[in-house]
Amino acid sequence: MNELTRRDEMSLAGAALRGAPWKAAAVTGGAVATASLLLGLITGTADLAWALGAGVTLFTLIAAIGAISKPDSGDRVTRQARNWSLRHPWRFALYPAAGAAILMYPIELVLDGDGVFGAAWDAVWGGAWIYLLTAIVATAMRGRAAKN
């Protein structure tokens, strides 16, 4: 009986994300959102919801990938969580994707004007893209996991 529950998986993913490069992720996400908005203002197609969504997407991707990029750094629990995340990239990717969808929902609801269900649909699709991209990159990084 060596099965992990969803709660255990969420704890491991959270422990792996504890060492994420949050400042770099925030700066990059903010820069992308700002650049997207400014470019939209210049071309006359400014969309604040889209710019913030792009910023959240990059913020989440950089935090998730950065968290598992150095599995041998950090304390013992963080190292074990990062190694688990690299060995189970599709399970790990669920949690950053869910976090991104939760961040995108109010942006879509308030700024996009799609209504409750339209905003949820857009947020779920944004989370799905983050899930796919995070899992693919984490799968490619699988060789970094310690062979324990």
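## Close-up views of a helical protein

Figure 1. The protein has seven helices and zero strands, in a model that is predicted. Reading along the sequence gives the pattern α-α-α-α-α-α-α. Along its principal axes, the C-alpha trace spans about 55 × 30 × 20 Å. Of the 148 residues, 36% are buried. Take contacts between residues at least 6 apart in sequence: 72% of them join residues at least 24 apart.

**Figure 2. Here we visit the largest nonpolar core.** This core has 18 residues, and Leu17, Ile68, Phe92 and Met141 have the most contacts inside it. Which elements give two or more residues to the core? They are helix H1 (6-17), helix H3 (48-68) and helix H4 (76-87). H3 gives the most, with five residues. In soluble globular proteins, nonpolar side chains tend to be buried together.

**Figure 3. Let us look at methionine 141 and then at a second core.** Leaving aside residues up to four places away in sequence, Met141 touches Ile65, Ile68, Ser69 and Leu86. There is also a second, separate core, made of nine residues. Among its members are Ala49, Leu61, Ala123 and Ile130.

**Figure 4. Now follow helix H7 from end to end.** H7 runs over residues 115-140, which makes 26 residues. How far does H7 reach from its first C-alpha to its last? The reach is 38 Å, close to the 38 Å expected at 1.5 Å a residue. Buried residues of H7 are Ala119, Ala123, Gly126, Gly127, Ile130, Thr134, Ala135 and Ala138. The buried residues of this helix pack against H3, H4, helix H5 (89-92) and helix H6 (94-112).

**Figure 5. Leucine 52 is our next stop.** You can find leucine 52 in helix H3. Leucine 52 and alanine 101 are 49 residues apart in sequence, and their C-alpha atoms are 12 Å apart in space.

**Figure 6. Finally, here is the surface with its charges.** The protein exposes about 8,600 Å², and carbon and sulfur atoms supply 68% of that area. There are 13 positive and 10 negative side chains. How far apart do the centres of the two sets lie? They lie 16 Å apart.

Methods: Residues are numbered from 1 along each chain as its sequence is written. This is a predicted model: local features need pLDDT of at least 70, side-chain atom pairs count only at pLDDT 80 or more; totals for chains, interfaces and linings use all residues. Side-chain values use heavy atoms; hydrogens and water are left out. A nonpolar core is a set of buried Ala, Val, Leu, Ile, Met, Phe, Trp, Tyr and Cys residues joined through side-chain atoms within 4.5 Å. Buried means under 20% relative accessible area, exposed over 50%, partly exposed in between (1.4 Å probe, protein chains only). Helices (H or I, at least four residues) and strands (E, at least two) are DSSP runs, numbered from the N terminus. Contact means heavy atoms within 4.5 Å. Accessible areas come from the Shrake-Rupley method with a 1.4 Å probe; for residues, only the protein chains shown count as cover. Lys and Arg count as positive and Asp and Glu as negative; His and the chain ends are not counted. The place of a charge is taken as NZ of Lys, CZ of Arg, CG of Asp or CD of Glu. The expected span of a helix is 1.5 Å times one less than its number of residues.
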